[in-house]
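Thanks for coming. I will go through one model this morning, starting with its elements and ending with a single residue.

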Amino acid sequence: MNNTGLVDYQDKQKRELEKKQQEVRAREFAALEQRTTTRHDRIPDMKDAYAQVVAKNYKPSQDEIEFRRFTSGGFMDNAKGH
């Protein structure tokens, strides 16, 4: 192989490597864009569900109230005087 043939070969190898790297970057970017694109879905109408909850007039037990206070990380209404 003469000197110009070697330079051409090295240049071809370099261009092929750059092309492969660009293809990998393009695939990675496409995957990232697909995962992070904001979706504009419709917000579900929860009026009926809320109306059902209100209609049941649910009263939590004292144990449930205390459990909610314990798991909330703070006192909701300071009922125990803390």
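The protein has 3 helices and 0 strands, where helices are DSSP runs of H or I with at least four residues, strands are runs of E with at least two, and numbering starts at the N terminus. Read from the N terminus, the order is α-α-α.

This is a predicted model: local features need pLDDT of at least 70, side-chain atom pairs count only at pLDDT 80 or more, and totals for chains, interfaces and linings use all residues. Residues are numbered from 1 along each chain as its sequence is written, and side-chain values use heavy atoms, with hydrogens and water left out.

On confidence: pLDDT is the predictor's confidence in each residue, from 0 to 100. The protein averages 85, and 88% of the residues score at least 70.

Next, burial. Buried means under 20% relative accessible area, exposed over 50%, and partly exposed in between, with a 1.4 Å probe and protein chains only. Of the 82 residues in the protein, 1% are buried. Helix α2, residues 47-56, is hardly covered, with 0 buried residues among its 10.

Last, the residue that follows α2, Asn 57. What is its phi? It is near 50°, a positive value in a residue other than glycine. Most residues other than glycine have a negative phi. Asn 57 lies in the loop between α2 and α3, and it counts as exposed because its relative accessibility is 52%.
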